[in-house]
Amino acid sequence: MSLRSASGASRRDGAVPPPGPESGAPSSGNKQPAGRKPQRRRPGRPEIKQKFRPLGKQPLGLLFSAPYVIFILGVLAYPLGYAVWISFHRFYFTAPGVQVERPFVGIENYITVLSDPAVQRSFLNILVFLVINVPLTVGLSLILANALNRITRLKTFFRVSYYVPYVTASVAVIGVWLFLFQQNGLINSLLGPLAPNPSWLVNSWLAMPTVALYVTWKQLGFFILLYLAALQNIPEELYESASVDGGNKWVQFWNITVPGVRSASVLVTLLATITGANLFTEPYLLTGGGGPDGASSSPVFLMYQKGILQGNPDVAAALGVVLVIGVLLIALIQNRLVGGKSGEE
Amino acid sequence: MSITAKKASVEKRRNLSVGSFFLLALGAFVFLFPFYYMLIGSLQTSPDTSVGGAFPEPGNITGENYVNINGSINLFKGLLNSGIFTGGVILATVVFGLLVGYALAQMQFRGRGVVFGMMLLVQMIPFQLLLIPLYVMIVRDYGLGDNYLGMILPFAINSTAVFVFRQYFMQLPSTLFEAARIDGASELRILWQVAIPLVRPAIVTAILLTFIGPWNEFLWPFLVTKDQALQPLAVSLANYISNIAATASNPFGAILAGACVLAAPAVVLFIFFQRQFISTNLGSSVKG
């Protein structure tokens, strides 16, 4: 948790320069009245003034914030607690208003989840996905952002063409990927005799790597934009002095660019991991329901299958909790790796 | 000596930018080709998957696929549903987001820090954990399955947009608002007549950021809408891909035609407003 907020803060003050760091922000907004108050009111009676305003100078702010706060509490905070509650009880779907017994069952749902081979397989799949997707995403987006940062012509065209997949519905682009990667699709006819058999999406060894490749392609534009923002913060003089010292472009890239965008790398790694853990549309459509034989199923796909299709919301909720804990653990390890390595250099 | 050094450095830079340019062009091809292929494929009478099929061939071009997909899933109805879903989310985000963004940036009230902390924390709640309880609440308890409200509710106020609004309002001098308050303007009037006209770019950015979510969302509307008449286009196209396509005469043509219709609004919108969708704005957005 602390890791996410830390990276979040670094992202924000990197990306939105004017307002300054998060912690200072609320107070900096009202510097003026805070500075004026002691001068004017100390001789008077400040206590009484404050007693009249127990809710602050503009209590109407509470009313302005109310819809958002109600939204967060009702649609996010309450369900969050409810998810954990469901995962420890035997839970049935009922028609509205029907009361049924929902006994506490302890960790039974968790045992059911963790001992299910399909679940174990889906976590293994996600691991395969992350091993391919995360390094590819970080590497390619950094290289392309770096190249984009160096050119002056056609910059807009390249930038737009990179984020077009990101802003397009997954369902739409999956249609064309199915077409490209089918048995006698364009990719296979280009590869000729090198085409895999069985084909990409129905091959139990290649299904998950193809999904990982697809997601990398789909999300890359977003990460390129994140890196592009981070690259603006590296002072040009560093490159100039390095080239005076005779460092070639690889030396510059490894010793200036890579450490310079470290906080962005932490964020990119984290976001790519979260995207991977959220995989649903791809296994559902691209590989026709996590096929072949569960070789590309994902935990969220199993949550849908077990919770909603098979009517076991309790087991699905437990799976969700396990998944979130797993993501947090992986994120923590990644933060060590990505953050630490560059720190030593 | 310095001249030769400078020449060498310029030469080096030029080489570098030629290399970069080549790399970027290759990247652009990889990113754009599937879109081109989507369009070509949607216009083919029979799918041509050979290398030559990637080029348009006058004899093999037809609008038939669009008619076919429209016969299976009502494209107009799907677009309308996507529009209502997305429009509802954008409306709620802009109205309530401007209110809370302004309050967080320019008003002093008890609990402001708590609201701000909430806004940051919320962006870290993973949606997959909320999937089951939200389904139980919205579909089973409140009976909002097959209902636009049920679709919109979990996405109603985009916290990233709230953050963007707050950042823009923070950049305005607080003296401006104090002056208006001394003149006796109500907070609502200050917001409407002073603050909002100054943050128009923020509204465009927030609408773009918010648009991507619901327009492309598949999982949630897929869970809550069983009635085809209410399904957003992404859901009905997905159902077509997984259930009906196998029975069609040219399944890929029909799928790609539907894909073009679904992709076009987002692509056109983002090309048109690409200036607003630059790194500095996007940097403050987190999808996750």
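**Figure 1. The interface of chain A and chain B.** In this predicted model, 114 residues of chain A are in contact (heavy atoms within 4.5 Å) with 111 residues of chain B. The size of an interface is often given as the accessible area lost when the parts come together. Here the two chains bury about 10,300 Å² between them, and 75% of that area is on carbon and sulfur atoms. Buried area is the accessible area (1.4 Å probe) that two parts lose on being put together, summed over both. F64(A), Y68(A) and F179(A) supply 8% of the area that chain A buries against chain B, more than any other three residues.

Residues are numbered from 1 along each chain as its sequence is written, and chains are lettered from A, with ligands numbered from 1, in the order in which they are written. Local features need pLDDT of at least 70, side-chain atom pairs count only at pLDDT 80 or more, totals for chains, interfaces and linings use all residues, and side-chain values use heavy atoms, with hydrogens and water left out.

**Figure 2. Chain B as a whole.** Chain B has 14 helices and zero strands. Helices (H or I, at least four residues) and strands (E, at least two) are DSSP runs, numbered from the N terminus. Of the 288 residues of chain B, 56% count as buried, meaning under 20% relative accessible area, with exposed over 50% and partly exposed in between (1.4 Å probe, protein chains only). Residues 24 or more positions apart account for 72% of the contacts in chain B with a separation of 6 or more. The accessible surface of chain B comes to about 12,200 Å² (Shrake-Rupley method, 1.4 Å probe), and 67% of it belongs to carbon and sulfur atoms.

**Figure 3. Annotated spans in both chains.** An unreviewed UniProt entry gives the annotation "transmembrane region" to several spans of chain B, including residues 148-169 and 252-273. Such annotations may be inferred rather than shown by experiment. Residues 148-169 of chain B are 73% helix and 0% strand, with the end C-alpha atoms 32 Å apart. For residues 252-273 of chain B, the values are 95% helix, 0% strand and 31 Å. In chain A, the spans with this annotation in an unreviewed UniProt entry include residues 60-85 and 160-180. Residues 60-85 of chain A are 100% helix and 0% strand, and their end C-alpha atoms are 35 Å apart. Residues 160-180 of chain A are 90% helix and 0% strand, and the end C-alpha atoms lie 23 Å apart.

**Figure 4. T269(A) and its contacts.** T269(A) lies in helix α14 (residues 262-277) of chain A. T269(A) counts as buried because its relative accessibility is 5%. Leaving out residues up to four places away in sequence, T269(A) touches V134(A), V138(A), Q334(A) and V338(A).

**Figure 5. Helix α16 of chain A.** This helix (residues 299-309) is mostly covered, with nine of its 11 residues buried. Among them are P299(A), F301(A), Y304(A) and K306(A). Just after α16(A), G311(A) takes a positive phi of about 70°.

**Figure 6. V100(A) in a loop of chain A.** V100(A) is found between α5 (60-87) and α6 (108-114) of chain A. With a relative accessible area of 36%, V100(A) is partly exposed.
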